[in-house]
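Biologist: Could you walk me through this one? I would like to learn how to read its features.

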Amino acid sequence: LAAQTDYTAYALLEDTTGNRSTIAAKEFTTEGVAVLASEANLPAVVQVMGAGDIDINETNFPDASFRAWLHAQTYGSDDILTAEEIAAITFINVSDQNISDLMGIECFTALTELECSNNQLTALDVSKNTALMGLFCSDNQLTALDVSNNTALTKLSCDRNQLVALDVSKNTSLTTLSCSNNQLTALNLSK
């Protein structure tokens, strides 16, 4: 398999316990992948990834529960999020999924609504999700929440966390704010 201009070929090597190794190169032949696999005593699969595609793996999505949720979606079942799939995902609901880390959510730049309530999140970085209009992150353990880059935000629900401060002064489109049952000592609503 020769790589095309905007593509890198990856050999995914998987052992019998499901552990995977990914080897990337500008060009792979099917014979080369077979040699790599046989040297490692593993079966091999070749996938071609385009520019902007993201592997659903522990590096990009460290939380096992979040990865499992992604794999259960039609767009994540092949272990790769293509640039086209990422651009089409505008809504994610991972509430009640036992997630403690949403690292990787920043990949979804077209996301307009994120529901992640009732998890074990202590941090949430939505700074790259600039299209976000609705953020529902209640019933977690968040100690800080920075929504300053989310200027399109119209609804924010962050009840029952451990927030001590919340600044929504840059969220000039905000029409609904629910932030009860936190440890708030500062709330900036100025516009």
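Modeller: Let us take the sheet, then a surface patch, then a serine in a loop. Please keep in mind that this is a predicted model.

Biologist: Happy to. In what order do the five strands of the open sheet run?

Modeller: The general idea is that strands of a sheet pair through backbone hydrogen bonds, either parallel or antiparallel. Here the order is β6-β7-β8-β9-β11, with parallel pairing. At the edges sit β6 (91–93) and β11 (176–178), each of which pairs on one side only. On average, neighbouring strands of this sheet are turned by 5° against each other, direction ignored.

Biologist: Over how many bridges do β7 and β8 pair?

Modeller: Three bridges join β7 (residues 113–115) to β8 (residues 134–136), in the parallel sense. Within that pair, E113 stands opposite G134 of β8.

Biologist: Now the surface. Which residues form the nonpolar patch?

Modeller: The patch consists of L177, L187 and L189, and together they have about 240 Å² of accessible area. Take L187, which lies in strand β12 (residues 186–188). L187 counts as partly exposed because its relative accessibility is 39%, between the cut-offs of 20% and 50%.

Biologist: And the serine, S169: is it buried or exposed?

Modeller: S169 is buried, because its relative accessible area is 18% and buried means under 20%. You will find S169 in the loop between β10 (165–167) and β11.

Biologist: What does the side chain of S169 make a polar contact with?

Modeller: Its partner is the side chain of D167, at 2.6 Å.

Note on methods: Residues numbered from 1 in each chain as written. Predicted model: local features only at pLDDT ≥ 70, side-chain atom pairs only at ≥ 80, totals over all residues. Heavy atoms only, no water. Pairing = 2+ DSSP bridges. Helix = DSSP H or I, 4+ residues; strand = E, 2+ residues; numbered from the N terminus. Axes fitted to C-alpha atoms, helices over the stretch in contact; angles between N-to-C directions. Patch = residues over 30% accessible without salt bridge, like charges linked within 9 Å, V, L, I, M, F, W, Y side chains within 5 Å. Areas by Shrake-Rupley, 256 points an atom, 1.4 Å probe, with all protein chains shown as cover. Salt bridge = Lys/Arg side-chain N within 4 Å of Asp/Glu carboxyl O. Buried < 20%, exposed > 50% of the residue type's maximum accessible area, 1.4 Å probe, protein only. Polar contact = N/O pair within 3.5 Å; in protein donor to acceptor, adjacent residues only side chain to side chain.
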